[in-house]
Amino acid sequence: MRGSFVLLGACFFLQACSPLRTYHAVPKELEAQVTMPGLPNVRCWGDTTSEGLAQSALKSLEQEKEANGGKLDPQMDCLALSGGGGDGAFGAGLLCGWSKMGTRPKFKLVTGISTGALMSPFAFLGTDYDERLKDAYTNISDKDIYCEHSMFDIFLSLINIRPLPSLATHKPLKKLLERLIDEKMLQDIAKEHLKGRRLLVGTTQLDAERLVIWDMGAIAASGAPHALGLFHKILIASASLPATLPPEMFTVEAAGSTFTEMHVDGGVEVQVMLFENALNPLSPSGKWIKSINRPRNIYIIRNKKVYSEWQYVKPQIKYIAARTIDSLLKSQSIGDLYRLFAYAERDGINYNLAYIPEDFEYVPTSEFDNTYMRKLYERGYELALKGYPWAKYPPDYEPQ
């Protein structure tokens, strides 16, 4: 099954049933007070200024100086990884080829959404984890990501006997992450966090209809006994396409009470993030960086094509709706690329964009078609070895 087609099928059967809400959701009036039990300031709302993230940005400068003998790095490089499901193989290949070239920066900030969230820890740690990143995007298939519910279970859901939150479970993905991201890797992320680097992942809090930004490095460095489990849980949530895969439930606190939040794919809110309101402290317009004069570069990897693609659409509702959802997501992503470009122009940041080339014509047979992903990985890798021609403008932008 392929991306939005699965989402569409899920919508059909979910409309027929009314899954019971068995969790204690955070009331709207308490949203601003939400924290993770025992881990303050590891998460924030993406659409409002975050004091916790601002303090983390300030602290990152101190940590960077301490790690560099009292000096800041001569330039600041940031990486934003987009959603895209199995098309994340392109970004994985590009990153690994970039490492092979010996020109890949040590990023001050890495952000990830959906499949970009899954690859972000490897991108953050760099060359030492390239083989694991390659493994994650060339040696997997659909069975390593999800397991579909039986038709009998779906039937029971249709008649409201045993309501389901999704068409499939993500148990295979959970096992995959437990294998790829272990305690040693978490410790390595913590070490880099303490050197002033930051790793951020986005999820969507579905009740609030808002983006949540997670400070993954702070979680890794917290020393909390459940840090690794929480780390995995956030990555799974960021990649859980609603209705296709089940949401992740997070226990949170607000006003002295305990609540539960429902989190799904960060791509519901944005396809790529770097200039959300909560990230303003990390921008030159933020107070902490105004006095720091050093070159700043952002690299955006869009794990999809950005141009229109012709496709025969059968005149049936499921195919029409699936194609429509694909088109909406593509339009949203292009809007995000323009938004990031506008902020980069405002703040004097060097804008660099990569995306799947228009002439890559292989068509996957499923969301995580292994043969397709291997070919896409190789294409990204080869482009990087030739010196990737980073686009300086968003698609179809004509500079004056």
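Reader: What should I know before I start?

Author: The model is predicted: local features need pLDDT of at least 70, side-chain atom pairs count only at pLDDT 80 or more, and totals for chains, interfaces and linings use all residues. Residues are numbered from 1 along each chain as its sequence is written, and side-chain values use heavy atoms, with hydrogens and water left out.

Reader: How are two packed helices described?

Author: By the angle between their axes and the distance between the axes. Helices here are DSSP runs (H or I, at least four residues), numbered from the N terminus. Axes are lines fitted to C-alpha atoms over the stretch in contact, and angles run from 0 to 180 degrees between N-to-C directions. Take α4 (residues 115-125) and α8 (residues 183-193): their axes lie 10 Å apart, at an angle of about 60°. That makes α4 oblique to α8. Angles under 35 degrees count as roughly parallel, over 145 as roughly antiparallel, 65 to 115 as roughly perpendicular, and the rest as oblique.

Reader: Is the crossing of α4 and α8 left-handed or right-handed?

Author: Left-handed. In such a crossing the near helix is turned anticlockwise from the far one by less than a right angle; clockwise is right-handed.

Reader: Which residues of α4 and α8 meet?

Author: Pro 121, Phe 122, Phe 124 and Leu 125 in α4 meet Met 185, Asp 188, Ile 189, Glu 192 and His 193 in α8. Contact means heavy atoms within 4.5 Å.

Reader: What does α4 do with α10?

Author: Helix α10 covers residues 227-238; its axis and that of α4 come within 6 Å and cross at roughly 140°. The two are therefore oblique to each other. From α4, Ala 117, Leu 118 and Pro 121 meet Phe 231, Leu 235 and Ser 238 in α10.

Reader: How do I find empty space?

Author: Rolling a probe the size of a water molecule over the atoms shows where empty space is left. A cavity is a set of points on a 1 Å grid over the protein atoms alone where a 1.4 Å probe fits but cannot get out; lining residues have an atom within 4 Å of a point. The whole structure has 2 cavities of 30 Å³ or more. Of its 13 lining residues, Leu 118, Ala 136, Tyr 137, Ile 140 and Leu 176 are the closest to its centre.

Reader: Which helices supply at least two residues each of that lining?

Author: α4, α5 (130-138) and α7 (171-180).

Conventions
On a 1 Å grid over the protein atoms alone, a cavity is a set of points where a 1.4 Å probe fits but cannot get out, and a pocket is an open set with protein on both sides within 12 Å along at least five of seven lines; lining residues have an atom within 4 Å of a point. Grid points are joined across faces, edges and corners, and a volume is the space filled by probe spheres set on the points.
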